[in-house]
Amino acid sequence: MDTNESSRIDPELEKSLLEYQGNLTSDVRLQLLDLLHCIALCNLGRRSDLKKLVGIALELLDNAQRYNSGPEVDFRWRIDGSTLVVTISNRANRTDAERLMQAVTSIQNMTHEQIILAFRQQLTDDGFGEKGGAGLGMLHIAKKIGKNIKAEVRAVEDGEFICMSQVSAELGGYIKGA
Amino acid sequence: MEPINIGATRNTPSIHFNGDTHTFTVIGNSIPENAGEFYTPVIDWLRAKASSLPDGTIFQFCLPYFNSSSLKALYLLLMEIKNAMDAGKHFEAIWHVEEDDDFMSEAAETFTELTGMEFILHSGILPATTTG
């Protein structure tokens, strides 16, 4: 008998969607963080990885705010079935667009052990990027959830690019501690 | 001992050193856009002062949410503490963890692995103070 049957996620609650299009300031990022925490708690229940899941969105929002060269971003958090998909699109210059693609391609070519090693090396290296980043965001996500990370870059006008990053995380079937 | 006294904002934690209780605290969300800029004065303060802090000084960390650039800044901050400990100082490091929260507990594990520091895990969240 499945003793966790009573804590199985209610299929009716197994969907949630948050979309945001607009300016991404520190205030907006904070409000989204609060809202996502609330949405995750309400729809997934209390679980030990709740903040890790919200943390994925935080990292993507962080990256987008740091490198966005356009007026707005397009952010989406979607839980459908047993998968959380977080997607963000923003404009970026060529250097930052290439850095994103390089980071994601590099992760795709690593084993889990190599990801952990790269994360530790990047974390313990001195210094920050010129925009205040640590070069850790995607590695931090990959360390948590594996290589379910995609990035696409599309050239627009004036040497600018639209960068799309997407992370998928399996949620598992049970609410822990509900 | 010259105090350090930074009030919390919604993006950044409060950071205090209380010279009477010999307690250094970092409390609150740490999600600044530029973690290097925020933490550098604190890291510099520790680099200058850690070796003269009294034995028994307690370092308390309570960070419900933090971004990865803060993780790096916290590593640099912790290494200043560890360097003083390696030079003979007897400090205590406490890492607060919300009940059943992998996010906060895994950060303590990561920092233990990377710095060699032992953290005492305490359950529960501390309130950040907003006045600097």
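**Figure 1. Helix α2(B) in the predicted model.** Of the 19 residues of α2(B), 14 are buried, and the helix is thus mostly covered. The coordinates come from a predicted model. The helix covers residues 68–86 of chain B, and its end C-alpha atoms are 26 Å apart. At 1.5 Å a residue, 19 residues should span 27 Å, which agrees with that separation. After α2(B) comes B:G88, a residue with a positive phi, near 120 degrees.

**Figure 2. Packing of α1(B) with α2(B).** Two packed helices are described by the angle between their axes and the distance between the axes. For α1(B) and α2(B) the angle is about 5 degrees, and the axes are 9 Å apart. Angles under 35 degrees count as roughly parallel, and α1(B) and α2(B) are therefore roughly parallel to each other. From α1(B), the contact draws on B:A35, B:G36, B:Y39, B:V42, B:I43, B:L46 and B:R47. The partners from α2(B) are B:S69, B:S70, B:K72, B:A73, B:L76, B:L77, B:E80 and B:I81. Sorted by class, the residues of this contact are 9 nonpolar, 3 polar and 3 charged.

Figure 3. B:E37 belongs to helix α1 of chain B, which runs over residues 35–49. With 13 other C-beta atoms within 10 Å, B:E37 is partly exposed. A residue is buried if 20 or more such atoms lie within that distance and exposed if 12 or fewer do. B:S69, one of the α2(B) residues in the contact with α1(B), is 32 residues from B:E37 in sequence. In space, the C-alpha atoms of B:E37 and B:S69 are 11 Å apart.

Figure 4. Chain A contains 5 helices and 5 strands, in the order β-α-α-β-β-α-α-α-β-β from the N terminus. Of the 178 residues in chain A, 35% are buried. Where contacts in chain A join residues at least 6 apart in sequence, 67% of them link residues at least 24 apart. In α2(A), 16 of the 18 residues are buried, and this helix is mostly covered. The end C-alpha atoms of α2(A) are 26 Å apart, which agrees with the 26 Å that its 18 residues should span at 1.5 Å a residue.

**Figure 5. Packing of α2(A) with α5(A).** Helix α2 (residues 50–67) and helix α5 (residues 137–145) of chain A pack at about 160 degrees, and their axes are 9 Å apart. That angle makes α2(A) roughly antiparallel to α5(A). The crossing of α2(A) past α5(A) is left-handed. On the α2(A) side the contact is made by A:K52, A:I56, A:E59, A:D62 and A:N63. On the α5(A) side it is made by A:G137, A:H140, A:I141, A:K144 and A:I145. These residues comprise 3 nonpolar, 3 polar and 4 charged.

**Figure 6. The contact between chain A and chain B.** Chain A supplies 25 residues to the contact and chain B supplies 20. On the chain A side, the elements that give two or more residues are α1 (26–44), α2, α4 (112–124) and α5. Helix α2(A) gives the most to that side, with 8 residues. The side of chain A that touches chain B has 7 nonpolar, 10 polar and 8 charged residues.

Conventions. Residues numbered from 1 in each chain as written. Chains lettered and ligands numbered in written order. Predicted model: local features only at pLDDT ≥ 70, side-chain atom pairs only at ≥ 80, totals over all residues. Axes fitted to C-alpha atoms, helices over the stretch in contact; angles between N-to-C directions. Helix = DSSP H or I, 4+ residues; strand = E, 2+ residues; numbered from the N terminus. Parallel < 35°, antiparallel > 145°, perpendicular 65-115°, else oblique. Left-handed = near helix turned anticlockwise from the far one by under 90°. Contact = placed C-beta atoms within 7 Å. Nonpolar A, V, L, I, M, F, W, Y, C, P; charged D, E, K, R; others polar. Expected span 1.5 Å × (residues − 1).
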